[in-house]
Amino acid sequence: MMRYPSLTFRQWQALVRHFAKEARGLGGPVVVGVNRLGRPFTAHFHPARRLKPGQVARLVKRLGLTPEEFREWYAGRRR
């Protein structure tokens with residue numbers, strides 16, 4: 001099982017922008033969108049707080065990602 005890192009608000013927004021087909025409300029704490037599998041998702045996140053590893057795992061699942069896809073995206077963002 002993969003251990004996810006915590007994410008900042010900007011990293012969270014970038015993750016959703018990169019992998020969601022459609023997303024509304026990216027500037028605020030609630031994002032409603034459609035993942036790449038065509039399923040709707042809702043994500044809640046306070047802009048002043050970091051997203052905890054468990055919350056990152058749920059978001060990855062809602063976006064329809066595999067842990068490997070997330071790992072590649074995260075490694076590319078850190079360079």
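1. How many helices and strands does the secondary structure of the protein chain come to? It comes to three helices and three strands. Helices (H or I, at least four residues) and strands (E, at least two) are DSSP runs, numbered from the N terminus. Along the sequence the pattern reads α-β-β-β-α-α.

2. A word on the basis. This is a predicted model, in which local features need pLDDT of at least 70 and side-chain atom pairs count only at pLDDT 80 or more, while totals for chains, interfaces and linings use all residues. Residues are numbered from 1 along each chain as its sequence is written, and side-chain values use heavy atoms, with hydrogens and water left out.

3. Overall dimensions. Along the principal axes, the C-alpha atoms fill a box of roughly 30 × 25 × 25 Å.

4. Surface and contacts. The protein chain exposes about 5,200 Å², and carbon and sulfur atoms supply 50% of it. Accessible areas come from the Shrake-Rupley method with a 1.4 Å probe; for residues, only the protein chains shown count as cover. Of the 79 residues, 34% count as buried. Buried means under 20% relative accessible area, exposed over 50%, and partly exposed in between (1.4 Å probe, protein chains only). Among contacts (heavy atoms within 4.5 Å) between residues at least 6 apart in sequence, 51% join residues at least 24 apart.

5. The core. The largest nonpolar core has 24 residues. Such a core is a set of buried Ala, Val, Leu, Ile, Met, Phe, Trp, Tyr and Cys residues joined through side-chain atoms within 4.5 Å. Trp12, Leu15, Leu59, Leu63 and Phe70 have the most contacts inside it. H1, S3, H2 and H3 each give two or more residues to this core. The largest share, six residues, comes from H1.

6. Aromatic pairs. Rings of Phe, Tyr and Trp (its six-membered ring) pair if their centres lie within 6.5 Å; planes under 30 degrees apart count as stacked, over 60 as edge-to-face and the rest as tilted. The count is six aromatic pairs. Tyr4 and Phe70 are edge-to-face, because their planes stand at 65 degrees, with ring centres 5.3 Å apart. Tyr4 lies in the segment before helix H1 (9-19) and Phe70 in helix H3 (residues 67-78), so the pair ties together parts 66 residues apart in sequence. Tyr4 is buried at 11% relative accessibility, and Phe70 is buried at 0%.

7. A second pair. Trp12 and Phe45 are tilted, at 5.1 Å centre to centre and 50 degrees between the planes. Trp12 sits in helix H1 and Phe45 in the loop between strand S3 (40-44) and helix H2 (53-62), 33 residues apart. Trp12 is buried at 1% relative accessible area, Phe45 at 5%.

8. Around Phe70. Ring pairs link Tyr4, Phe70, Trp73 and Tyr74 into a cluster. Leaving aside residues up to four places away in sequence, Phe70 touches Met2, Tyr4, Pro5, Leu7, Leu15, Val56 and Val60.

9. Salt bridge. The count is one, where the rule asks for a side-chain nitrogen of Lys or Arg within 4 Å of a carboxyl oxygen of Asp or Glu. Glu69 and Arg36 form it (2.6 Å, N to O). Glu69 is partly exposed at 26% relative accessibility, and Arg36 is partly exposed at 31%.
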